[in-house]
Amino acid sequence: MKRNLIIASILIGGIFGLLPLIAKIAIFAGLALYLFNAYDEYDYQLRTGGRK
């Protein structure tokens, strides 16, 4: 029982240590997706003759 508690605490600590990295990746990916969609819409508007 004591060994399982130690292993569980090590795994939970490792997961919490990765959370800042996961948050940075999620923010970066979200911003990249937003910028790509904004540029794609801008390019589409230029090719179709502007906004309606």
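Is Asp43 buried, partly exposed or exposed? Asp43 counts as partly exposed, because its relative accessibility is 24%, and buried would mean under 20%. Keep that residue in mind, as we will come back to it. The model you are looking at is predicted.

**The overall picture**

Let's start with the whole chain. The C-alpha atoms fill a box of roughly 70 × 15 × 10 Å along the principal axes. What about burial? Of the 52 residues, 2% count as buried. The protein exposes about 5100 Å², and carbon and sulfur atoms supply 72% of that area.

**Following the helix**

Helix 1 covers residues 2-48. Its 47 residues reach 67 Å from the first C-alpha to the last, which is close to the 69 Å expected at 1.5 Å a residue. Where does the helix bend, and by how much? Helix 1 bends by about 35 degrees at Leu19, and a proline, Pro20, follows within four residues. Pro20 itself lies in helix 1 and is partly exposed, with a relative accessible area of 44%. After the helix comes Gly49, whose phi is positive, near 100 degrees.

| Pair | Separation in sequence | C-alpha to C-alpha distance |
|---|---|---|
| Asp40 and Lys2 | 38 residues | 56 Å |
| Pro20 and Asp43 | 23 residues | 34 Å |

Asp40, from the table, has its place in helix 1. Asp40 is partly exposed, with a relative accessible area of 38%.

**A nonpolar patch on the surface**

Now look at the side chains on the outside. Ile12, Phe16, Leu18, Leu19, Leu21, Ile22 and Ile25 form a nonpolar patch on the surface. Together these residues have about 680 Å² of accessible area. Leu19, where the helix bends, is one of the patch members. Another member is Ile25, which sits in helix 1. Ile25 counts as exposed because its relative accessibility is 52%, and the cut-off for exposed is over 50%.

**Back to Asp43: a salt bridge**

How many salt bridges does the count give? The count comes to one salt bridge. It joins Arg47 and Asp43, whose closest N and O atoms are 3.2 Å apart. Side chains of opposite charge can pair when their charged atoms come close.

An α-helix has 3.6 residues a turn, so residues three or four places apart point the same way.

The two partners can also be set side by side by their accessibility. Arg47 is exposed, with a relative accessible area of 58%, whereas Asp43 is partly exposed at 24%.

Technical notes: Residues are numbered from 1 along each chain as its sequence is written. This is a predicted model: local features need pLDDT of at least 70, side-chain atom pairs count only at pLDDT 80 or more; totals for chains, interfaces and linings use all residues. Side-chain values use heavy atoms; hydrogens and water are left out. Buried means under 20% relative accessible area, exposed over 50%, partly exposed in between (1.4 Å probe, protein chains only). Accessible areas come from the Shrake-Rupley method with a 1.4 Å probe; for residues, only the protein chains shown count as cover. Patches are made of residues with over 30% relative accessible area and no salt bridge: like charges are joined within 9 Å, nonpolar side chains (Val, Leu, Ile, Met, Phe, Trp, Tyr) within 5 Å. A salt bridge is a side-chain nitrogen of Lys or Arg within 4 Å of a carboxyl oxygen of Asp or Glu. Helices (H or I, at least four residues) and strands (E, at least two) are DSSP runs, numbered from the N terminus. The expected span of a helix is 1.5 Å times one less than its number of residues. The bend at a residue is the angle between axes fitted to the seven residues ending there and the seven starting there.
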